[in-house]
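Welcome! The notes below will then walk you through it.

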Amino acid sequence: MKATAPGRINLIGEHVDYQGGMVMPAAIDRYIRAFAQENQRPEIRLSSSRSKGELVIPIAHDTPFSGDDSWANYAFGVVAKYRDAGYEIAGFDVRFESDLPVGAGLSSSAALETAAALVVEEILGINLSKTERALLCQSAEHDWAGVPCGIMDQLAVNAGVSEHVLKIDCSTHEITQVPLPAELSVVVVDSKVKHALADGEYAKRKADCDAATAYFDVEFLRDVTIDELDSARLQIGERVYRRARHVITEIARVHDFSAALDAGDTTRAGTLMAASHSSLRDDYEVSCHEIDALVKIAIRLGAIGSRIMGGGFGGSLINLVETDTASQFAEEIVACYRKEIGLDVEAMAVKLVGGACIEGIG
Ligand code: GLA
């Protein structure tokens, strides 16, 4: 059997999903594919086009992997979550193949988790709802990979719709499908600066937000206004203040961005993406100088909007461009960066596609 799970972009709404905010991601035409078959043994055998050899893991195994094997946390962690939910899982062999860059802010983690989840469900003959599956994958990422991620990536990978962006309320998981106008396209630029969210910086950002919610005694920062935050600046300290200011202002930007798209006001949409980037760079401190330089080049080359995307600390920037300029923009940003900085980046004009699925018996 074959399961296919796409990566995702996010137009706006960064580092707000774990604070109950609104996000605007979409699934894209870069995929992780899982090829699987039952093996009649009490074990899972994992292999990947990205790593050597095969990992043979007893189904009862219950501790996270480390070092070179840590990618298995995303796949086997999901198997373990179904097992721990009471499902009796038959052993299987699975090989993952991918054209989705790892550590590029395109959600290869959620794609790997979801591909594994679909294989398990197919073998069990069950079909969880997209939201239930996304939540199960998220809990595997928390408990096996050790990243306290939000729900955006797993929902986008599971619930993507062709040519649409998803507007997701991360406090209720309610999803609204918003068509992306044909004259707008997305070009992702992978800076090749690799991030590893598991190395702790992501968790530190979340911990700062948790300190702010504890101070205000609320579940999420979405329930705090900017005036309330301003009046608590001295009490919560400058770092926590700036982290919370990013979250609160970013949530407001998503609402404004969505309204701007509805009104066809692309200039306003671009301005909001620029403000998102500045806030992620200055208040949340998740950008890096390579991406800051690329964002400047992107705007000079005529992008409507450009900003760092995903967890940050490297990875990709997202550029919203006029469709008829997309391929030229992609070529030019690579050439300019090479000329000015002397390094190679990869630009991809991406299509917005449907979510993860099983593709029949093979
Ligand atoms: C990573 C996480 C998401 C989200 C983004 C930042 O991709 O997995 O839950 O927090 O970072 O918006």
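**Where the ligand sits**

The ligand takes up the space of the largest pocket. Keep in mind as you explore that this is a predicted model. The ligand lies between two domains, because domain 1 (2–178) and domain 2 (181–350) both give residues to the shell around the ligand.

**The two domains**

- The protein chain is split into domain 1, covering 2–178, and domain 2, covering 181–350.
- If you take the centres of domain 1 and domain 2 over their C-alpha atoms, they are 24 Å apart.
- The two domains also touch each other: 34 residues of domain 1 are in contact with 46 residues of domain 2.

**The shell around the ligand**

- There are 13 residues around the ligand, and those that come nearest are Glu 14, His 15, Asp 17, Asp 153 and Tyr 202.
- Sorted by class, this shell holds five nonpolar residues, four polar ones and four charged ones.

- Look for Glu 14, where a polar side-chain atom lies 2.6 Å from an oxygen atom of the ligand.
- Tyr 202 also has an N or O atom in its side chain at 2.6 Å from an oxygen atom of the ligand.
- With Gly 311, the backbone takes part: one of its polar backbone atoms is 3.3 Å from an oxygen atom of the ligand.
- How much of the ligand's accessible area does the protein cover? On its own, the ligand has 310 Å² of accessible area, and the protein covers 97% of it.

Conventions: Residues numbered from 1 in each chain as written. Predicted model: local features only at pLDDT ≥ 70, side-chain atom pairs only at ≥ 80, totals over all residues. Heavy atoms only, no water. Near = heavy atom within 4 Å. Polar contact = N/O pair within 3.5 Å; in protein donor to acceptor, adjacent residues only side chain to side chain. Areas by Shrake-Rupley, 256 points an atom, 1.4 Å probe, with all protein chains shown as cover. 1 Å grid on protein atoms, 1.4 Å probe; cavity = no way out; pocket = protein on both sides within 12 Å on 5 of 7 lines; lining within 4 Å. Sits in = over half its atoms within 2 Å of the grid points. Nonpolar A, V, L, I, M, F, W, Y, C, P; charged D, E, K, R; others polar. Domains from an automatic or database assignment. Contact = heavy atoms within 4.5 Å.
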